[in-house]
Amino acid sequence: VILLSLFGRYNMSMLETELSIYLLAAAAGMYILAGRFSSNRNIRLIIALSYACSGFMTDSGSFIPWMNAAAVLPYLIFFFIRLLEKPGLKQTIPFTFTTFLLLTAGYPSFLVYTAYLLAGVLIALFFRYRRQWSVIRPVLFQLLLFLLFSSLLWSPVILAWTDFFP
């Protein structure tokens, strides 16, 4: 919204532009995520278009944070998978940033639901590799860095929310 406001007054045209950007970002994110599972460009394109044109995206136009969350989720899952496959700062920093976007620009409950889902995946993977600490240790270290970075990045948001907690 801030970037769009640089090009003119924020009005209904800008709102439609913003929603179109979210749809394009959602399609691009799902195209990238689908690339983790298929190298066929046609399949990736169909998955991306199906996601962007799904009922959730087209029906949620009046709930802008929901559309933003749906645009961020494919990227978040993509970076999470990369973090598990190749633990390192190259994956931890984008994963932290996308969770920050999901918290601040998306609807906060999407972050909570996603956290439950990803925690379940982590528990299953840790159970599967419980005897292979060489596999688990780097992931745990990056998750600790993620928690540290997130607490620093999210602190202004949480501080602002403390007025509403009571």
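Modeller: First, a word on terms: helices are DSSP runs of H or I with at least four residues, strands are runs of E with at least two, and both are numbered from the N terminus. Also, this is a predicted model.

Biologist: Fine. How many helices and strands are there in the protein chain?

Modeller: The protein chain has eight helices and zero strands. Along the sequence the pattern reads α-α-α-α-α-α-α-α.

Biologist: What box do the C-alpha atoms fill?

Modeller: Roughly 55 × 50 × 25 Å, taken along the principal axes.

Biologist: On to packing. At what angle do α5 and α6 pack?

Modeller: At about 155 degrees, and the axes of α5 (residues 64-85) and α6 (residues 89-104) are 9 Å apart. Angles over 145 degrees count as roughly antiparallel, so α5 is roughly antiparallel to α6. The crossing of α5 past α6 is left-handed.

Biologist: Which residues of α5 and α6 meet?

Modeller: From α5, they are A69, V72, L73, Y75, L76, F79, F80, R82 and L83, and they meet Q91, T92, P94, F95, T98, T99, L101 and L102 of α6. By class, this contact of α5 with α6 has twelve nonpolar, four polar and one charged residue.

Biologist: And α2 with α5, what is the angle there?

Modeller: About 25 degrees, with the axes of α2 (residues 12-34) and α5 lying 9 Å apart. That angle makes α2 roughly parallel to α5. Their crossing is left-handed.

Biologist: Which residues make that contact?

Modeller: On the α2 side, L15, E18, L19, Y22, L23, A25, A26, A28, G29, M30, I32 and L33 take part. On the α5 side, the residues are I64, M67, N68, A70, A71, P74, Y75, I77, F78 and I81. The contact of α2 with α5 divides into 19 nonpolar, two polar and one charged residue.

Biologist: So where does Y75 of α5 turn up?

Modeller: Y75 is listed in the contact with α6, and Y75 is also listed in the contact with α2.

Biologist: What about α7 and α8, how do their axes cross?

Modeller: The axes of α7 and α8 cross at roughly 165 degrees and come within 14 Å. The two helices are therefore roughly antiparallel to each other, and their crossing is left-handed.

Biologist: Which residues in α7 and α8 meet?

Modeller: P108, L111, L122 and F126 of α7 meet I136, V139, L140, L143, W154 and W161 of α8. The contact of α7 with α8 has ten nonpolar residues, no polar and no charged.

Biologist: Change of topic: pockets. How much space lies in the largest pocket?

Modeller: About 290 Å³. The lining of the largest pocket has 17 residues, and F95, A115, L143, F146 and L147 lie nearest its centre.

Biologist: Which helices supply the lining?

Modeller: α5, α6, α7 (108-128) and α8 (133-161) each supply at least two residues. α8 gives the most, with seven residues.

Key. Residues are numbered from 1 along each chain as its sequence is written. This is a predicted model: local features need pLDDT of at least 70, side-chain atom pairs count only at pLDDT 80 or more; totals for chains, interfaces and linings use all residues. Side-chain values use heavy atoms; hydrogens and water are left out. Axes are lines fitted to C-alpha atoms, for helices over the stretch in contact, and angles run from 0 to 180 degrees between N-to-C directions. Angles under 35 degrees count as roughly parallel, over 145 as roughly antiparallel, 65 to 115 as roughly perpendicular and the rest as oblique. A crossing is left-handed if the near helix is turned anticlockwise from the far one by less than a right angle, and right-handed if clockwise. Contact means heavy atoms within 4.5 Å. Ala, Val, Leu, Ile, Met, Phe, Trp, Tyr, Cys and Pro count as nonpolar, Asp, Glu, Lys and Arg as charged, and the others, Gly among them, as polar. On a 1 Å grid over the protein atoms alone, a cavity is a set of points where a 1.4 Å probe fits but cannot get out, and a pocket is an open set with protein on both sides within 12 Å along at least five of seven lines; lining residues have an atom within 4 Å of a point. Grid points are joined across faces, edges and corners, and a volume is the space filled by probe spheres set on the points.
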